[in-house]
Amino acid sequence: MTAPTAPQSIEAFQQRLSEVVNDLPQRLKQCADYISVNNDKIPISTVAEVAAAAGVQPSALIRFCQILGFSGYSELQKLFRTTYAPILPDYETRLHNLRERGAASPSAILAEFVEAGRMSLENLANTVDPQALDQSVSTLASAGTIHIIGLRRAFPVAAYLSYAFEKMHISAMLHDRSGKLGNPHAVRDGDALIAVTFTPYSEETQNFTLHCAERNIPVVLITDTASGPLHRDGILPIQVSEVDFGAFRALSATLSLAIALAVAVGTARNAS
């Protein structure tokens with residue numbers, strides 16, 4: 001059997017990953033999940049560091065790289081270094097300078113988050129799947145009512161989508177689980193769902209999403225991983241990752257994706 005050719009771009013890498021992820025054993029899925037949400041760390045991390053962060057042995061990470069078509073981790077890292085080379089030095093230099101001066105002041109913390117947001121947005125521009133975005137817009141533009149769920153950290157994104165659709169006079173319903181009350185009965189044939197969730201998936205969002213998928217309700221999933229229980233037939237994922245600062249992740253790229261999605265759906269509806 002001929003070994004696959006290594007992806008030559010981040011877009012090709014993401015496509016290859018989406019094709020194989022459901023067939024990967026658990027340890028290799030852990031590699032996929034970590035790399036999917038930590039693109040920015042690959043260019044500057046050793047195989048041992050990435051393996052430890054993903055909770056696997058280095059041999060498992062190397063095997064994961066080989067399944068994707070790379071000779072090993074070094075070749076995968078080279079791809080990410082080529083893509084992000086113009087970004088990383090400036091980012092690292094600024095962070096280093098802030099730490100040298102003491103990054104505890106509000107203005108220094110703000111600068112950290114601004115830089116993390118900038119890098120998250122560049123990652124999004126480089127990795128988003130245009131085909132998945134087009135298909136999502138087409139699905140949502142033809143839906144009767146757009147249902148939206150996103151809890152915990154994802155709630156601001158879900159709330160914004162609901163607000164934007166309401167302002168564009170698009171029938172939408174935000175499922176915020178107030179009082180821990182669910183209303184899946186409100187989803188009708190011809191409707192669609194936008195689910196926003198990040199690892200670890202909230203149980204409420206996961207259950208609601210799977211309920212809709214089992215009823216053949218189209219689902220657009222905004223998430224940060226290329227694998228997991230919500231990656232299945234009938235659920236269209238749009239992947240977005242956020243660069244973190246001090247283990248905190250803002251929503252710069254995710255909100256930009258949500259804004260673009262809402263405006264594109266509104267434009268498509270007005271054109272029809």
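I started with my rule for a charge over a ring: NZ of Lys or CZ of Arg must be within 6 Å of the ring centre and within 35 degrees of the ring normal. By that rule, the charged end of arginine 153 sits over the ring of phenylalanine 198, 4.3 Å from the ring's centre.

A note on ground rules: this is a predicted model, where local features need pLDDT of at least 70, side-chain atom pairs count only at pLDDT 80 or more, and totals for chains, interfaces and linings use all residues. Residues are numbered from 1 along each chain as its sequence is written, and side-chain values use heavy atoms, with hydrogens and water left out.

Next I looked up ring pairs (Phe, Tyr and the six-membered ring of Trp, centres within 6.5 Å; planes under 30 degrees apart are stacked, over 60 edge-to-face, the rest tilted). The whole structure holds 3 aromatic pairs. Phenylalanine 13 and phenylalanine 80 make an edge-to-face pair, because their planes stand at 80°, with the centres 5.4 Å apart. Phenylalanine 13 lies in helix 1 and phenylalanine 80 in helix 5, 67 residues apart; helices here are DSSP runs of H or I, at least four residues, numbered from the N terminus.

I then checked burial (buried is under 20% relative accessible area, exposed over 50%, partly exposed in between; 1.4 Å probe, protein chains only). Phenylalanine 13 is buried at 1%, and phenylalanine 80 is buried at 0%. Phe13, Phe70 and Phe80 form one aromatic cluster.

Technical notes
Helices (H or I, at least four residues) and strands (E, at least two) are DSSP runs, numbered from the N terminus.
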